[in-house]
Amino acid sequence: KVEFGKQWYQRRVRGAFQAAKACGKPSKGREDIGDDYIEKLEFRRLLLGLRMYFEFWVAFKRIDGDDDRRLSFDEFSAAEETIKKWVTNLGDMQEEFDKIDSNDGGMILFDEFCKWAILKTLDLEDDDDADE
């Protein structure tokens with residue numbers, strides 16, 4: 001079983017932090033804070049970003065049959081029916097795999113999966129989405 005290091009989690013939190021900061025401007029009179037802190041109005045976006053990464057991780061783990069934190073084409077294509085529950089406009093599996101595998105390594109890494117999942121608005125069928 002693969003263990004997650006502190007660095008792996010930090011990258012996810014940093015990604016959610018950067019997304020939250022990118023969506024807003026500093027409050028009037030608070031321009032001195034800069035990009036180092038989350039303001040009250042950005043906090044909800046931070047939490048939503050973290051939740052999104054965790055949802056994508058659950059989806060990724062459901063597909064990753066050998067638990068190596070990478071998806072082979074065989075794993076990806078075997079999960080086609082499951083993925084169709086999460087993504088409405090799923091194309092040819094080989095074409096989708098090639099699009100996701102942006103570094104042409106022959107495997108889908110979690111970061112690549114997240115970028116694709118955001119573009120496809122992936123949503124697990126059994127998560128606990130609140131009406132937003």
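Biologist: Is the crossing of H2 and H6 left-handed or right-handed?
Modeller: In this predicted model, H2 and H6 cross in a right-handed way. A crossing gets that name if the near helix is turned clockwise from the far one by less than a right angle.

Biologist: What angle and axis distance describe the packing of H2 and H6?
Modeller: Helix H2 covers residues 40-63 and helix H6 residues 110-119; their angle is about 115°, and the axes lie 10 Å apart.

Biologist: Why are H2 and H6 called roughly perpendicular?
Modeller: The angle between them is about 115°. The class of roughly perpendicular runs from 65 to 115 degrees, and H2 and H6 are therefore placed in it.

Biologist: Which residues of H2 and H6 meet?
Modeller: From H2 come Met 52, Tyr 53, Phe 56, Trp 57, Ala 59, Phe 60 and Ile 63, and from H6 come Phe 110, Phe 113, Cys 114, Ala 117 and Ile 118. By residue class, this contact of H2 with H6 has 12 nonpolar residues, no polar and no charged. Tyr and Cys are counted as nonpolar here.

Biologist: Why does Phe 97 count as buried?
Modeller: The cut-off for buried is under 20% relative accessible area. Phe 97, a residue of helix H5, has 4% relative accessibility, so Phe 97 is classed as buried.

Biologist: What does Phe 97 touch, leaving out residues up to four places away in sequence?
Modeller: Phe 97 touches Leu 71, Ser 72, Phe 73, Phe 76, Gly 106, Met 107 and Ile 108. One of these, Ile 108, is 11 residues from Phe 97 along the chain, with 7.5 Å between the two C-alpha atoms.

Biologist: What is noted about the phi of Arg 69?
Modeller: Phi of Arg 69 is positive, about 60°, although Arg 69 is not a glycine. Arg 69 sits in the loop between H2 and strand S1.

Biologist: Why does Arg 69 count as partly exposed?
Modeller: Buried would need under 20% and exposed over 50%. Arg 69 has 25% relative accessibility and therefore counts as partly exposed.

Biologist: Where is Asp 104, and is Asp 104 buried or exposed?
Modeller: Asp 104 is in the loop between helix H5 and strand S2. The relative accessible area of Asp 104 is 68%, so Asp 104 is exposed. Asp 104 also has a positive phi, near 55°, without being a glycine.

Biologist: In which helices is confidence lowest and highest?
Modeller: Confidence is lowest in helix H1, with a mean of 73, and highest in helix H3, at 97. The protein chain has an average pLDDT of 82, and 80% of the residues score at least 70.

Conventions
Residues numbered from 1 in each chain as written. Predicted model: local features only at pLDDT ≥ 70, side-chain atom pairs only at ≥ 80, totals over all residues. Heavy atoms only, no water. pLDDT = per-residue confidence, 0-100. Helix = DSSP H or I, 4+ residues; strand = E, 2+ residues; numbered from the N terminus. Axes fitted to C-alpha atoms, helices over the stretch in contact; angles between N-to-C directions. Parallel < 35°, antiparallel > 145°, perpendicular 65-115°, else oblique. Contact = heavy atoms within 4.5 Å. Buried < 20%, exposed > 50% of the residue type's maximum accessible area, 1.4 Å probe, protein only.
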